[in-house]
Amino acid sequence: MLLDMFTDEFSAAQGWLFEHVVEPVVFNIGLGGYVEDAFDATGWLLVGLIQIAVLVAVIGPLQRWRPVDPVTDRAAIRTDILYTLVHRLGLFRLVMFFALQPFFDGVVGPMRTAGWAGWQLDAAWPGVTDIPWVSFLMYLVVLDFVDYWVHRGQHGFHWWWSLHALHHSQRQMTMWSDNRNHLLDDVLRDAIIVLVAQLIGVAPGQFIALVAITQLSESLQHANLRLSFGTLGERLWISPRFHRLHHSIGIGHESQAPQPSKPAPLGGHNFGVLLPWWDMLFRTANFENRYDPTGIRDQVEPDAKGRVRDYGRGFWSQQWLGLMRLAGRA
Ligand SMILES: [Zn+2]
Ligand SMILES: [Zn+2]
């Protein structure tokens, strides 16, 4: 009932935004042939605008109410805001669309026309799993499970960690830090999630809603906010406390420099994205109520030559240094 009401309101707002803003722009720059894709993109843009409104109006005041760290580095926060805008307002998605659409047209298209339609997970138990909210929850759990293993991969392979380290190099964590990632890392993770979603039959509208909830929850988890959900709540949904521990120097993740010749142990805690269950199941959960400094050990502890690692300050230097780490040159 409430879900239907929200869906109606959302569609109306999407129609308005498309008609008055997006459609004129699309025609003006000569991309009229993409008008249907532009309508879908408007849905994502609207989700992003709602998210940013929630960040500013709700999560921001929470951060000022119970901060963990004093704000000492506003420039570092501004870089994270840039990451958030690039992602949530659709710039990243737009580039992905034009870069990956030929691939999908060339590979997935022929598979579809050949009669391959993937699985429909919601058809598993007719009358139950095809109830909209049941299928929604089912897809949420499945995709969250995939996300957990993607994140384990980001910490488990040295080459992948060399990219993911950028996410962990923020020492001044805030609600803007979720999208602070290497773009190559984003492409990999998104490609895996989109592929799995298509394989198990997530409908486009459901997919947008799942991504919207995931992103909003992730923004909250990264907030500079002293907040735990209590003994039971902590085991139902991931809190700012839970995810901050994953970012903590020493206990959240291991942070040795990637050395192909001598692999350092990569471990850590709290890899989950929405549900803490996978961490509980695979024994990586840590429910200690503590708030340690965040970052990576090699940022604060000099190596044998007395140097600490530089992960970059601005967007481009962070992206560049990520590629250099991947190539073993930084
Ligand atoms: Zn991580
Ligand atoms: Zn994080």
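Begin by selecting Trp 44, Val 47, Gly 48, Gln 51, His 87, Arg 88, Arg 93 and Gln 215, which line the largest cavity (on a 1 Å grid over the protein atoms alone, a cavity is a set of points where a 1.4 Å probe fits but cannot get out, and lining residues have an atom within 4 Å of a point). This is a predicted model, in which local features need pLDDT of at least 70 and side-chain atom pairs count only at pLDDT 80 or more, while totals for chains, interfaces and linings use all residues. Residues are numbered from 1 along each chain as its sequence is written, and side-chain values use heavy atoms, with hydrogens and water left out.

The volume of this cavity is about 60 Å³, taken as the space filled by probe spheres set on the grid points, which are joined across faces, edges and corners. Now colour helix H2 (35–65) and helix H3 (74–88), each of which supplies at least two residues of the lining; helices here are DSSP runs of H or I, at least four residues, numbered from the N terminus. H2 gives the largest share, 4 residues.

Next, select Leu 140, Leu 143, Ile 200, Val 202, Phe 207 and Leu 210, which touch the most other members of the 28-residue largest nonpolar core (buried Ala, Val, Leu, Ile, Met, Phe, Trp, Tyr and Cys residues joined through side-chain atoms within 4.5 Å, where buried means under 20% relative accessible area with a 1.4 Å probe, protein chains only). The largest share of this core, 7 residues, comes from H5.

Apart from this core lies another, of 7 residues, including Leu 55, Ile 59, Ile 77 and Met 175.

Methods. Chains are lettered from A and ligands numbered from 1 in the order in which they are written. On a 1 Å grid over the protein atoms alone, a cavity is a set of points where a 1.4 Å probe fits but cannot get out, and a pocket is an open set with protein on both sides within 12 Å along at least five of seven lines; lining residues have an atom within 4 Å of a point. Buried means under 20% relative accessible area, exposed over 50%, partly exposed in between (1.4 Å probe, protein chains only).
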